[in-house]
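Hi,

Here is the structure I promised to pass on. Please open it first, then read the notes below.

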Amino acid sequence: MKKILVLEDEANIRDFVVINLRRGGYEPIEAGSGSEALEKLKVNPDICLALLDVMLPEPDIDGFEVCRRIRASGSKMGIIMLTAKSQEIDKVTGLMTGADDYVTKPFSPAELTARVDALVRRLGVDEDEKASTEIASGPFLLNTRNRTLEKNGQRLKLTQIEYLLMKLFMENPGKAMSREDILSAVWGKDFSGELKTVDVNIRRLRIKIESDPTEPEYLTTVWGYGYKWGY
Ligand code: CA
């Protein structure tokens, strides 16, 4: 179930939002203050969308500040600001601080869930597209839809095993991976071959991707352990 942060200081509005999100099939995470919202975000890194009330009682940080900090952390989660009717200016500023959308109070359950559903769908599409098409690293571009690899715009001819190795490494940049890990990730957990299989395929792969396979720049050796992508 998708987690949605609900930052709202007025308990009756918060309850209203929470009930309607639950009905809509979401898991609401409640916060009554800006600092509580930041706390909840920290312990729930899988929150996919935040509903942020703009006006919070002083001296607490307001919804805009929470929004700004979410974006400053690099998060691309969906953000919908909850604004009061008279606060026209809030709408503008809300979008400028990195919010995706806003809902004006009072809102109906239908309006709320429609906005939330639309944004969740949009985020989902973006994520799927990113996850299923391209991974870039240095001069390399891996396309997971047509299973191809380019180096400086030139297509490299890879076997399926080599492709899977590249995908594994490029998805885990800088992470040292043991031969066992590589074997089970690429050949499957039930594969009973030798660990040497990994070395043989890496050697072949290096010939294709490295400028000098004897001095690998990208697919480097972690002595006595395995391999990693990068330094
Ligand atoms: Ca409020």
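How many Å separate the centres of domain 1 and domain 2, taken over C-alpha atoms? The model is predicted, and in it the two centres are 40 Å apart. Domain 1 covers residues 3–123. Domain 2 covers 127–229.

Next, the calcium ion. Its protein donors are Asp9 (OD), Asp53 (OD) and Met55 (O). They lie 2.2 to 2.3 Å from the ion. Along the chain, the donors follow the spacing D-x43-D-x1-M. Asp9 sits in the loop between strand S1 (3–7) and H1, while Asp53 belongs to strand S3 (residues 47–53), so the pair ties together parts that are 44 residues apart in sequence.

Are these two aspartates buried or exposed? Asp53 counts as buried because its relative accessibility is 2%, under the 20% cut-off. Asp9 has a relative accessible area of 25%, so it is partly exposed.

Now helix H1. It runs over residues 11–23 and has 13 residues. From its first C-alpha to its last it reaches 18 Å, close to the 18 Å expected at 1.5 Å a residue.

Which residues of H1 are buried? They are Ile13, Arg14, Val17, Val18, Asn20 and Leu21. An α-helix has 3.6 residues a turn, so residues three or four places apart point the same way. Check the list of buried positions in H1 with that in mind.

One last item on the backbone. Gly25 follows H1, and its phi is positive, near 90°.

Best wishes

Terms used. Residues numbered from 1 in each chain as written. Predicted model: local features only at pLDDT ≥ 70, side-chain atom pairs only at ≥ 80, totals over all residues. Heavy atoms only, no water. Helix = DSSP H or I, 4+ residues; strand = E, 2+ residues; numbered from the N terminus. Expected span 1.5 Å × (residues − 1). Buried < 20%, exposed > 50% of the residue type's maximum accessible area, 1.4 Å probe, protein only. Donors = N, O, S within 2.8 Å, 3.2 Å for Na, K, Ca; no water. Domains from an automatic or database assignment.
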